[in-house]
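Q: I'm new to this one and would like to learn how to read it. Could you walk me through it?

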Amino acid sequence: MITMKDIIREGHPTLRLVAKEVELPLSKEVIDLGHEMMEFLVNSQDPELAEKYELRAGVGLAAPQIDQSIRMVAVHIPGIEEDSEDYILSDVMVNPKIVSHSVQSSCLAEGEGCLSVDRDVPGYVPRHSRITVTYHDLNGEKQKVRLKNYAAMVVQHEIDHLNGVMFYDRINEENPYQLDEGVNIIS
Ligand SMILES: O=CN(O)CCNC(=O)c1cccc(Cl)c1Cl
Ligand code: NI
């Protein structure tokens, strides 16, 4: 199983590479890795398992974060309601591609964090408010999803990892809470 020791931290060169497209049909190795990435997210959001295995909670994980420079991410985004079983989005995305996006931008009021960054980096991270993403799932099926709000922010954070981009690259250096006109803040 994946634990924190498998997650590379800022300064590791792999985090700054553009990850390679995954060949189709998916190999058993890639499929197994995808399931392991999802298992990490599920474990990291379970208070008992997170404590037992000393996991930091995450709603997304990109393969480059475990030193696999391939275009695959896992996202496991729970609904807002307490203890609700439904998830806004829970899937492993192979070769995810943003095929269209809103002109409008949004950012999370709380800013963002990253398992590969062992420090708080405060500030707004402006991203597309809405995105349409195509990808292949672990069954090899082509998927197309339209995302907004928190899920759109998370998927963009993960796709950034596939392009060697860290969330703080997008924070305004002079004033981290500087926002361009019309950027929507998501609470
Ligand atoms: O790349 C994935 N991680 O580093 C996992 C840890 N970060 C988060 O779960 C997280 C937290 C807040 C906002 C966003 Cl957008 C994300 Cl993604
Ligand atoms: Ni991250």
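A: Thr132 is buried, with a relative accessible area of 11%. This is a predicted model, where local features need pLDDT of at least 70, side-chain atom pairs count only at pLDDT 80 or more, and totals for chains, interfaces and linings use all residues. Residues are numbered from 1 along each chain as its sequence is written, chains are lettered from A and ligands numbered from 1 in the order in which they are written, and side-chain values use heavy atoms, leaving out hydrogens and water.

Q: What is Thr132 in contact with, apart from its neighbours within four places in sequence?

A: Contact means heavy atoms within 4.5 Å. Thr132 touches Lys97, Ile98, Val99, Ser100, Lys144, Val145 and Arg146.

Q: Which residues coordinate the nickel ion (ligand 2)?

A: Donors are N, O and S atoms within 2.8 Å of the metal (3.2 Å for Na, K and Ca); water is not among the atoms, so sites may look incomplete. Here they come from Cys114 (SG), His157 (NE2) and His161 (NE2), at 2.2 to 2.4 Å.

Q: Where do His157 and His161 lie?

A: Helices (H or I, at least four residues) and strands (E, at least two) are DSSP runs, numbered from the N terminus. Both histidines sit in helix α3 (residues 149-162), four residues apart, about one turn of the helix.

Q: Is α3 enclosed or open?

A: Largely enclosed by the rest of the structure, because 12 of its 14 residues are buried. His157 and His161 are both buried.

Key. Buried < 20%, exposed > 50% of the residue type's maximum accessible area, 1.4 Å probe, protein only.
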